[in-house]
Amino acid sequence: MRLSPTGALRHSGSLFAMALDVIRTIPRRPFQAREFIQQAWFVASVTILPTALVSIPFGAVIALQIGSLTRQLGAQSFSGAASVLAVLREASPIVTALLIAGAGGTAICADLGARKIRDEIDAMQVLGIDPIHRLVVPRVLASMLVAVLLNGLVSVVGVAGGYFFNVVLQNGTPGAYLASFTTLAQLSDLWAAEVKALVFGAISGIVASYKGLTAKGGPKGVGDAVNQSVVITFMLLFVTNFVMTAVYFQVVPQRG
Amino acid sequence: MGVEICVEGLTKSFGHQVIWQDVSLTLPAGEVSVMLGPSGTGKSVFLKTLVGLLKPERGSITIQGRDITRLREHDLYEVRKLFGVLFQDGALFGSMNLYDNIAFPLREHTRKSESEIRRIVLEKMDMVGLIGAEGKLPGEISGGMRKRAGLARALVLDPEIILFDEPDSGLDPVRVAYLNQLIVDLNAQIDATFLIVTHDIASARQVPDNIGLLFRRELVMFGPREELLTSDEPVVRQFLNGRMQGPIGMAEEKDAAQVEQELAALGDGDRTQSPGSQAMTPRLLPGPGIPRPPRWEAIARREAELRHRKVVADA
């Protein structure tokens with residue numbers, strides 16, 4: 001791939017064009033329910049286990065950091081509150097994003113890329129079937145759904161992990177930990193996290209599909225496409241995360 | 001009933017590299033045409049442009065009064081239903097077995113019942129000789145079978161135009177002969193417009209009504225089979241005879257002086273040979289069991305006459 005300023009612009013342009021196509025195509029009937037269910041199941045099956053395994057140590061690290069921080073500040077009674085807040089607001093959407101992009105997005109990109117270089121996509125277009133409608137929309141929706149569900153899983157596992165580390169390993173008081181649960185966090189934090197997960201799922205699905213459908217140059221091209229799709233998705237996700245967090249703080253009044 | 005394709009002034013380039021320019025030709029309705037050309041002259045690109053997968057820089061492609069280079073994506077999908085395309089490796093969907101692959105267009109585009117779909121699919125599979133392989137996955141079968149399955153899939157929607165991208169590449173000579181016979185039989189049966197992109201000279205001599213030759217970024221010639229086979233144009237002669245002497249070189253093209261020298265060295269032997277005697281390979285006719293439409297009746301009569309004249313001349 002040659003690096004040129006216009007090339008980068010062109011790629012961003014066609015990525016957004018495809019995102020618009022996807023949005024425009026979502027309402028078109030018939031909805032590909034079968035493909036959607038298959039893809040949702042597939043993305044879930046490749047992400048659930050790694051997500052659970054990643055979120056336990058992630059919850060633990062947050063618990064460790066907050067445990068020592070609150071001790072230093074003399075605010076042990078707030079360790080539960082802080083830990084829930086951190087897991088719910090930041091950790092779980094980010095972990096979800098990493099896994100949806102890393103496990104789900106790569107699989108989608110490799111699958112579509114392999115079909116592209118075998119001319120399957122061209123064949124589909126010639127048979128009068130729009131690959132955006134038939135393949136991309138179900139995949140994007142599936143990765144959005146799974147991201148939302150995974151976000152719930154990460155929150156639960158992360159909070160439980162935090163509780164375990166704080167109470168069992170750092171000798172925190174279970175009562176204080178639980179009692180402070182809702183002093184800082186509120187329900188809108190959970191909704192915000194779910195919305196973030198939804199957007200992250202959409203971004204990773206669209207980028208993976210875009211890179212897969214534009215793969216060229218044989219098997220090596222598919223490898224490159226997968227690589228680029230992960231890198232681009234991560235960059236977009238972290239920027240989006242920042243923007244959404246900033247907006248959230250402006251829009252939703254905070255406690256305390 | 002077959003549809004005419006009218007191509008005018010078509011030019012395609014990738015970046016600064018011109019693939020071919022100013023290609024104008026008409027594929028007559030219901031006839032078989034072959035597009036020849038050395039490797040890498042953009043034959044496959046031409047085919048993909050015809051179905052609107054690639055957008056040309058200039059020119060028009062008119063099918064049923066519509067210019068497909070200017071159609072919106074949505075209308076393009078409608079026009080594409082006229083086409084059946086056989087891709088180089090069959091381009092079957094790897095995750096489906098052969099039956100589902102061939103049934104796919106029917107399930108997507110028609111409201112036919114499963115039993116009706118089954119009847120059509122089995123009929124087309126029988127046509128290409130794949131009965132018994134319905135449950136196989138594309139990865140489990142040979143290249144020849146994949147091609148035939150791709151052809152069956154291209155046929156299920158009863159297309160008006162069928163495009164073949166190198167149907168003979170990677171096949172042994174016997175299978176190529178069978179495939180050529182299949183193409184001719186199909187043309188007699190379904191009457192669609194055929195375009196075959198290939199560099200197999202033997203097929204090009206036997207099968208088509210018309211031949212075109214792409215070389216040096218342009219269409220060197222396009223016309224009836226007899227005209228091309230008896231042509232004195234150096235590029236056409238070199239390609240159809242598959243020899244080294246002539247304008248086509250290993251890498252690209254040769255310089256004029258060298259070509260001149262080579263053709264001279266080839267001597268008068270080549271030129272004095274009357275073009276008709278060696279160049280006119282008998283044309284492949286539909287098999288015995290196939291009912292021939294009037295067009296093929298006429299062709300068969302002409303072929304018989306030619307053969308008769310040859311026998312008389314030889315005697």
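In this predicted model, chain B contains an open sheet of four strands, arranged in the order β2-β1-β4-β5 with antiparallel pairing. At its edges stand β2 (17-27) and β5 (66-67) of chain B, each of which pairs on one side only. Inside this sheet, strand β1 (residues 5-14) of chain B runs antiparallel to β2(B), and seven bridges link the two. A handy landmark along this pair is B:K12, which stands opposite B:W20 in β2(B). A helix accompanies these strands: α1 (residues 43-50) of chain B lies across β1, β2 and β4 (58-63) of chain B. The direction of α1(B) is at about 120° to that of β1(B).

Chain B also holds an open sheet of six strands, and here the pairing is mixed. Reading across this sheet, the order is β6-β7-β8-β3-β9-β10. The edge positions belong to β6 (83-86) and β10 (218-224) of chain B; each has a single partner strand, so one side of each is left without a neighbour in the sheet. From one strand to the next, the twist averages 15°.

With β8 (residues 193-197) of chain B, β3(B) runs parallel and is joined by four bridges. With β9(B), the pairing of β3(B) is again in the parallel sense, over four bridges. B:V32 has B:F194 in β8(B) as its bridge partner, while B:S33 stands opposite B:L195 in β8(B). Towards β9(B), the bridge partner of B:S33 is B:N210.

How much of β3(B) is buried? Five of its five residues are, so the strand is mostly covered. In a regular strand, side chains alternate between the two faces of the sheet. On one side of β3(B) lie B:V32, B:V34 and B:L36, and on the other B:S33 and B:M35; these residues are all buried, and both faces are covered. Helix α9 (residues 234-241) of chain B lies across β3, β9 (210-215) and β10 of chain B. Relative to β9(B), α9(B) runs at about 105°.

Turning to the helices of chain B, α3 (residues 98-109) has buried residues at B:L98, B:N101, B:I102, B:A103, B:F104, B:P105 and B:L106. What do the buried residues of α3(B) pack against? Their packing partners are α4 (114-127) and α5 (143-155) of chain B. For the chain as annotated, the unreviewed UniProt entry assigns "domain: ABC transporter" to residues 5-241 of chain B. That span is 39% helix and 26% strand, and its end C-alpha atoms lie 29 Å apart.

Chain A is built from nine helices and zero strands. Its C-alpha atoms fill a box of roughly 65 × 40 × 35 Å along the principal axes. Of the 256 residues in chain A, 44% count as buried. Among contacts in chain A between residues at least 6 apart in sequence, 89% join residues at least 24 apart.

Two helix pairs illustrate the packing in chain A. Two packed helices are described by the angle between their axes and the distance between the axes. Helix α8 (residues 187-213) and helix α9 (residues 218-251) of chain A pack at an angle of about 155°, with their axes 9 Å apart. α8(A) is therefore roughly antiparallel to α9(A), and the crossing of these two helices is right-handed. On the α8(A) side, the residues that meet α9(A) include A:A192, A:K196, A:V199, A:F200, A:I203 and A:V207. Among the residues they meet on the α9(A) side are A:A225, A:S229, A:I232, A:L236, A:T240 and A:Y248. An α-helix has 3.6 residues a turn, so residues three or four places apart point the same way.

The second pair is formed by helix α2 (residues 33-73) and helix α5 (residues 131-169) of chain A, which pack at an angle of about 25° with their axes 6 Å apart. α2(A) and α5(A) are therefore roughly parallel to each other. Here too the crossing is right-handed as α2(A) passes α5(A).

Key. Residues numbered from 1 in each chain as written. Chains lettered and ligands numbered in written order. Predicted model: local features only at pLDDT ≥ 70, side-chain atom pairs only at ≥ 80, totals over all residues. Pairing = 2+ DSSP bridges. Axes fitted to C-alpha atoms, helices over the stretch in contact; angles between N-to-C directions. Contact = placed C-beta atoms within 7 Å. UniProt positions renumbered as here; feature names shortened; annotations may be inferred. Buried ≥ 20, exposed ≤ 12 C-beta atoms within 10 Å, placed from the backbone. Parallel < 35°, antiparallel > 145°, perpendicular 65-115°, else oblique. Left-handed = near helix turned anticlockwise from the far one by under 90°.
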